[in-house]
Amino acid sequence: MLKKLLSAGLVAAGMLAVAAPAGAQDVTLKLHQLLPLKAAIPDKFINPWIERVQTQSGGRIKVEHYPSMQLGGKPPELAQQVTDGAVDIIWTVMGYTPGRFPRAEAFELPFMVATAEETSVAFQKYADKHMQNDFPGMQVIAVHTHGPGLIHSKAPVSSLEDLKGMKLRGPTRVITGMLEQLGAVAIGMPVPAVPEAVSKGVIDGAVIPWEVTLPLKMAELVGNHTGFEGDRGLYTATFLFAMNKARYDALPDDLKKVIDDNSGVEAARLAGRAMDEVDKIGMAKAQQAGNTIITLDAAETARWKEAATPVVDGWIAEMDGKGMDGAGMVKDARDLVAAETK
């Protein structure tokens, strides 16, 4: 009887040993980010990315998407949440954690941005070259930018002088510094806080791309929108889509390949393309509302660029002081954007 029990036990153990690897390879990943599901990036980039990963893994990877900070914390905490392993994947604004990703700020400098797709591809290539050591504890899926950042305000901005004293929201330290340099009163805050701040008069407007005006209902809150000659945009912000490194390393090789196949330049391109697509919708919404859309001519745009030059010079000096090649990073950023816009 003992021999029979031992034999049966060994058979059962053998069956479990065979079954265990397949079971161990089924993975559920929690993805946490700050925007509502209908915003451009969740709707047109993150959710399609999830579908591709789940399909290409044959259903062995499941991704649970938690938008609007549903798992708790505040937007600036997302980078640490994924590093700590509290969540598996995050999408966040790099500038929400000042000082954590200093090299990324080259793309936030004034008048760097072209279309979101072009700039995102350039930024991914830049990150691959300059930022390899900037993401400890993370497996980067993609970095990207939004499209041209414009001024959306209650009062019209038709010249540099109109900006003086205007209270404007800025997303990151570089951009708030730029707004101050240009004469505005810059107030930093995460984008979900903008509508209430505008409606209560805490701020007179915000600098955001067209696509962000849709979920914030900016066309209803302000009546003026100011852009620049050549559609280059005043600024852009930088974004990070990343996975916990230990979680990635624990995947079997074939599932790592699924993540890898949906990472890098092409993922950045898709994120940028999503931004560009919804930028057009955002602008159309403002036009339908009868709002005033101002495009500063070449001469006025040149005045803004000249006024913003100290921001670039100051950033280069700051990076040099930290042992980085500030001028080299700015040159690479400009060259990479130029290469994508040819």
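Which residue is the bridge partner of H152 in β8? The partner is A206. This is a predicted model, in which local features need pLDDT of at least 70, side-chain atom pairs count only at pLDDT 80 or more, and totals for chains, interfaces and linings use all residues. Residues are numbered from 1 along each chain as its sequence is written, and side-chain values use heavy atoms, with hydrogens and water left out.

**Sheet**
- An open sheet of 6 strands runs in the order β7-β6-β8-β5-β9-β11, with mixed pairing.
- Strands are DSSP runs of E of at least two residues, helices are runs of H or I of at least four, and both are numbered from the N terminus.
- Two strands pair if DSSP finds at least two bridges between them.
- β7 (185-188) and β11 (292-296) are the edge strands, each pairing on one side only.
- From one strand to the next, the twist averages 25°.
- β5 (residues 150-153) and β8 (residues 205-208) pair in the antiparallel sense, over 4 bridges.
- Helix α5 (residues 173-181) lies across β6 (167-170), β7 and β8. α5 runs at about 165° to β7. Such angles run from 0 to 180 degrees between N-to-C directions, and axes are lines fitted to C-alpha atoms, for helices over the stretch in contact.

**Helix pair α2 and α11**
- The axes of α2 (residues 40-56) and α11 (residues 265-288) come within 8 Å and cross at roughly 145°.
- The α2 side of the contact (heavy atoms within 4.5 Å) consists of A40, I41, K44, F45 and R52. They meet A267, L270, A271, A274, M275, E277 and V278 in α11.
- By class, this contact has 9 nonpolar, no polar and 3 charged residues. Nonpolar covers Ala, Val, Leu, Ile, Met, Phe, Trp, Tyr, Cys and Pro; charged covers Asp, Glu, Lys and Arg; the others, Gly among them, count as polar.

**Nonpolar core**
- The largest nonpolar core has 100 residues, and L234 and W304 have the most contacts inside it.
- Such a core is a set of buried Ala, Val, Leu, Ile, Met, Phe, Trp, Tyr and Cys residues joined through side-chain atoms within 4.5 Å.
- Helix α12 (residues 298-321) gives the largest share of this core, 7 residues.
- Beyond four places in sequence, L234 contacts residues including F111, I151, V207, F228 and W304.

**Q81**
- Q81 sits in helix α3 (residues 78-84).
- Q81 is buried, at a relative accessible area of 13%. Buried means under 20%, exposed over 50%, partly exposed in between (1.4 Å probe, protein chains only).
- Not counting residues up to four places away in sequence, Q81 touches H32, M69, G72, G73, A86 and V87.
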